[in-house]
Amino acid sequence: MRAAILHKTGQETLDVRDDVEAVGFGPGKVRVRLRAASLCHSDLSAMSGVLPQPAPFVPGHEGAGDVVEVGEGVTDLAVGDRVVLCWMAPCGRCAHCERGRSHLCVASLRRLGTPNFRYGANGTDGEGGATDGSGEASGFYGTGTFAEEVVVERDAVLPVPADLPYELAALIGCGVTTGIGAAVHTAQVEPGASVAVIGAGGVGVAAVQGARVCGAGRITVVDPVVSRRERALSFGATEALAPEELKAVAKGLPGGGFDYVFEAVGRSATVRAGYGAARRGGAVVVIGAGAQDDLASFSMGELFFNEKRLLPSLYGGAPLVRTVGLVVELWRAGRIDLAGMITHRVALAEVNDALAQMRSGEALRTVVTLG
């Protein structure tokens, strides 16, 4: 089958090959024929080393497809079920899972780097920086959706309704779920509240839609790219600003800032900007995936005196099955726009072009069609 492999951390192009096999099937496993995958900025972060993921690996973690085989012990899935993949699957047994906070479960990270692909059996070269010979590769955070087929643990598979198109289902595997969940579950934005969203990529636009669903009265999107700012207006933002405009606008609001500021970039500088733009007693919701060594600094005096809440939000801030169910129902009701978030469609052979589009900010979400 065809898949795209990153051989070394730091490389910017993927090796698209035809000689890859999904391996590791057995008890407790599920084989999924992927139909669509979407690109998320976290894929770039893993490729560059910002997010820990041993290489070689198959990137991609937003994906949807059909179950084609279930292993022994898997009784709640059947061949033909439509599913999305979960990149941080809950174990169902740890303290987080027992408290109803299964999105915080890290049990699946112990599988990080476990090979579930084999390549080069025929000794052929791939495209985009290929290597000779054969080898093994893992899937990004136990998934690896830049492939036509994948073998994953049962807990990494989430059934979705058959009427949800594959390309839309792929979006809710991470970015849409993260952004909407941050507004609905983590922040619990009140009707009429003022909201700023820093970063108008896929997660930021999802946060805009989540704030709109909650009834926010003012939704300000902040991004350095003019086209991204303008695009966010079509998803419910009421105004769009360049980063240098944020401070003055925030000061002019009642209370001297926004009720909620969502940081969807993953950088300490934008977290600080968000803190400055929030009113006293407001909240800064951190949903961008940043680097371990990028440190944000706050004085003890300002933390105490301003009583601004810092609210990190991981994977939607609630159990994934709950947030995905919410997103599906909002989509069915016409209250969120998933199709409009897809700005580009490519074949797997063109995945390196799609990565370049994401780096430049041209693409909001690119869907890789896998058949």
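Predicted model: local features only at pLDDT ≥ 70, side-chain atom pairs only at ≥ 80, totals over all residues.

I read off six strands in the order β14-β13-β12-β15-β16-β17, and the pairing is parallel. Which strands stand at the edges? I found β14 (239-241) and β17 (309-312) there; each has a single partner strand, so one side of each is left without a neighbour in the sheet. From one strand to the next, the twist averages 20 degrees.

Next I looked at the β17 end. Strand β16 (residues 278-286) pairs with β17 in the parallel sense, over four bridges. I noted Val 284 opposite Leu 310 of β17.

Then I checked what packs on the sheet. Helix α4 lies across β15 (258-263), β16 and β17, and runs at about 135 degrees to β15. Helix α5 (residues 202-214) touches β12 (194-198) and β13 (218-222). I noted about 170 degrees between the directions of α5 and β12.

I followed α4 (residues 175-187) to helix α10 (residues 320-332). Their axes come within 10 Å and cross at roughly 95 degrees. That makes α4 roughly perpendicular to α10. On the α4 side I listed residues including Val 176, Ile 180 and Val 184; on the α10 side, Leu 326, Val 327 and Leu 330 are among them. The residues of this contact divide into eight nonpolar, four polar and one charged.

Last, I turned to another strand pair. Strands β18 (residues 342-347) and β19 (residues 365-369) run parallel, joined by five bridges. Ala 347 has Thr 369 in β19 as its bridge partner. With helix α11 (residues 351-360), β18 and β19 make a right-handed β-α-β unit.

Methods. Residues numbered from 1 in each chain as written. Heavy atoms only, no water. Axes fitted to C-alpha atoms, helices over the stretch in contact; angles between N-to-C directions. Helix = DSSP H or I, 4+ residues; strand = E, 2+ residues; numbered from the N terminus. Parallel < 35°, antiparallel > 145°, perpendicular 65-115°, else oblique. Contact = heavy atoms within 4.5 Å. Nonpolar A, V, L, I, M, F, W, Y, C, P; charged D, E, K, R; others polar. Pairing = 2+ DSSP bridges. Right-handed = clockwise from strand over helix to strand, strands pointing away.
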